[in-house]
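Here are my notes on one helix pair and its surroundings. Please read them with the model open.

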Amino acid sequence: MKNASAGRFVRRLGVCAVLAALAGSASGQDAEWIWVSPQAKAGQHARMLRLFMVSGEVDRAQLVATCDNHMVVYVNGEEVARSDTWESPVAVDVAGKLRQGRNVVAVDALNDGGAAGLALRLDVTLKSGEKSRVVSSGDWRASEEAPEGWEQPGFAFRAWERAASLGSTTDGSLPWGVVMQSREATPAAAIHLPDGFAVELVHSSQAGEGSWVSLTMDPEGRALVSPESGGLLRLTRTGPESATVEREPVDIGMCQGLLLAYDSLYASVNENADRKGGLHRLRDTNGDGLFDTDEQLASYPYQGEHGPHGLVLGPDGMIYTVHGNHTPLMLKVDKAHSPLRDWAEDLLLPRIWDPRGHAVGIKSPAGVVLRTDKDGQHWEVIAGGLRNSYDIAFAPNGELFTYDSDMEWDIGTPWYRPPRVVHLVEGGEYGWRGGTGKWPDYYPDSLPPVLDTDLASPVGVTFPSGGMFPEPWASALFIGDWAYGRIAAVHLTPKGASYSGVYETFALGLPMSVTDIAFAPDGSMWFTTGGRGTQSGLYRVTYAGDKPGAEGAALAGLTEEAVLRRKLEHIGPDDGPAGLAEAVGHLGDPDRFVRYAARLAMERFGFEEWVGAVVDAPVEAQPQCAIAVARHEDKLNVDRAVEFVTQYAKDLEGTEDDLAYLRAIEIACARGGEPSEATRQAVLDKFDSAFPSEDPHLAHILAEVLTYFRAPGIGPRLLEIVEHGATREEKIYAALCLRLVVDQLDASGQDRYFGWLRQARNLPGGASFTGFMQAIEKEAVEHLDGDSKARVVAELAAMDKEAPVSPAPPNRPFVRQWDLAGAAKAVSSMGGERSVARGARLFTEARCIECHRFGGAGGATGPDLTGVARRFSREDLLQAVVEPSKVVSDQYRASIVTLKDGRQLNGRLIQITGGRMDVLTDPFTHAVTSVSPGDIEKVEESLISPMPAGLLDTMSAAEIADLLAYLESGAAGAR
């Protein structure tokens, strides 16, 4: 008996030893890559598990795991996560799955081929504050078999072998790099703010938490953020620079707009419509504080960076949202009752689309602001003619604002529009059109911006709330700029029925790729950084000084003109003759926004009703009457509409009235087609003698009208401006018009014109500038007659042959095949001052300059890198070069064009015109292949970056450090 008892004791001691070995806490320990065997095999299954102990009540527990290639993770027998992509670890909250005492985490893994490994980290915090960590290691048990119940806590695993440890997750030389490594966003100390303000880095996104693009604050002061991919997260600040992270249980992400309203979370999901793209409503149905149900209220047919964006609750209780210009309008939009209606391109002259393929074929209303009820059933278009506003915000007085993006590829052209702060009024048209078609600000059928800013990539916008910030910040509109790492404050001043403004930098970091901004109930500002796969951080800005003045006092009220504008915005047929009379009575108001609102109010009445009223309208109302008649020429005809204009127009003096009359002619012809010869002659008799004009606005619109009507001698007059105009913009726009009447020039004039176009290609400008000059030349050639065309084509061919060939960059010898971890480690060891000059040479020798611009010089295939260090950290920059296909913006993504004969073209679609599709197949040689749409079998999006891998393999560590120093030097001069 004594010996039997001893035997049982020894066996019991052995079990305890196993439990002790398996259940020990590993707080602070790094996870290891593990597998069922040291050498993985294709198609191999690996079941791996670890028993661990929990000694108290669990407060928080986050599990982060990744596996090459597939995994399903179980905690105590319940599935908690699965993944098929090892490059992006998954992170899940498993606090509700743990129990006091014995627990088991188990993974069912599968290898497709090549290397295989699992990495897992589970951090547990008890309500007592005690912390422990469970990590994947060689102490785990593993088997290729899967007996029933193997993932359950009671499974007898002792017969399984120990897992094979392949190395630490901190060892960057392993095939998976350091994907599990803890990450840090830009420290708060590196962010500059005005005196009296302080910033705190609340949380840096970790493996599995994604790169954050949208933010909102709940009534308890918790942050809800959405990554570019992966599910929604809720972050609760627990102290200075600390927060807990919970994952919302709903299967939804990729949200570029979040709004808490009506006991719900509304989300703009930027995903394919056949999946979840659209407006969603999330609800908490069980009262646990997390959203557990998801309802798609509307579907949007677009996924990408110019898709559905910000959401706000309006003073009227409606939900407002803004869409980028690639998001088509939904079919259920109520156009008949929308404030913006009767839209059209209204371009008199044929446009040239962007030669690099951006937004080709996209037409008005383009980027729009919409509103809907809380159930997403009734939709109206509020405003349009935007490009890609990311967010919208209501001021305390109910006025709506946005920050619209520029098209930096157009810099140097007269149709370039810089980033702009826009006052969004009901029915507002803001004139964005594709290619050369963008409307100038002075077109009277559109509205101007509050102000233009310098180069930027507009993201989140908001007004302060909560009363913490002092004036002038309490009344400022805060706007985020992703590209140059800053938050600016726009100080608005009432100006009639709208606003003027100035802006200044409020927060600036290096890098600080801000994506969204929100205010918490306590009045603190919160903002996120991230986007395009970059490291994210959640920041909190507070003010500790005196706070004189009332919150938002400068924007609390409305001017008399603004009150009148709002009244006119709501006048319609139900208001009867008195309403129509009031609308007509304000058509000649001195305020542009009031005049605009009055015209829209008038147009909401029946055509026969209001067109009779304009006949007796006062003189000052006639320009707006002309615009209205032209916009509805289908109720008359183009000749009658133009006749209406010419009978009122007087001698041109460059006034706003003159512009309105000329613009009315443009609209009527753009909508109604070419008028009769009698009408053409009447227009020329009225306006031909006024061109050229010293007034630049009048000259611009006269050039369009007289070119369209082929005024006698307009060609030579345009050539005079091309050669001797006051500004480059005047010259280029005259050249654009002249392409259509180049046949009016004699041989000498044609030679001078085409020679000027060739010289213009070398002018500094945006990525599309040279392409636009080439397109003007190409279309001009097509407008020549036979003999002239043959002569010019021969002369241009001779120019091409004689053009100097740029020397090829020197061939560089292979140094080593760099991976991300190796490059990062090598560069970090480089001490001392780096050579920016050598970095500049390397930028050319490595052929980066052939695809990227830096400081105004370079190619146009990829993004401008001048200010890249303001949004990307050094590690982000290295990753973008070493692993170019990991994150590819849809603005630069290539396509795979499969032809019916079986051939495939891999490249960027740069033009679709004249029944041909042009594909840029080589970013270095700029080789273009043209194909007929009839020969195309299918066009698919390519997941491979046009940027080739291995660009650093001819560089030493010191040279890579110098190249990075050169790229980082642009951030200092970018702002």
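1. Start with the pair H7 and H9. Helix H7 covers residues 638-648 and helix H9 covers residues 677-687. They pack at an angle of about 20°, and their axes lie 10 Å apart. Angles under 35 degrees count as roughly parallel, so H7 is roughly parallel to H9. Keep in mind that this is a predicted model.

2. The crossing of H7 and H9 is left-handed. On the H7 side, the contact is made by Asp639, Val642 and Thr646. H9 contributes Thr679, Val683, Lys686 and Phe687.

3. Which residues of H9 are buried? They are Thr679, Arg680, Val683, Leu684 and Phe687. Viewed down the axis of H9, the buried residues fall within an arc of 135°, so they line one face of the helix. Thr679, Val683 and Phe687 are buried, and these residues also take part in the contact with H7.

4. Now the other side of H9. The face turned away from the buried side carries Ala678 and Asp685, which are exposed.

5. What do the buried residues of H9 pack against? Their partners are H7, helix H8 (656-672) and helix H10 (696-708).

6. For context, the whole protein. Its secondary structure comes to 19 helices and 44 strands. The protein has 975 residues, of which 57% count as buried. Take the contacts between residues at least 6 apart in sequence: 66% of them join residues at least 24 apart.

Conventions
Residues numbered from 1 in each chain as written. Predicted model: local features only at pLDDT ≥ 70, side-chain atom pairs only at ≥ 80, totals over all residues. Heavy atoms only, no water. Axes fitted to C-alpha atoms, helices over the stretch in contact; angles between N-to-C directions. Helix = DSSP H or I, 4+ residues; strand = E, 2+ residues; numbered from the N terminus. Parallel < 35°, antiparallel > 145°, perpendicular 65-115°, else oblique. Left-handed = near helix turned anticlockwise from the far one by under 90°. Contact = heavy atoms within 4.5 Å. Buried < 20%, exposed > 50% of the residue type's maximum accessible area, 1.4 Å probe, protein only. Arc of directions from axis to C-beta.
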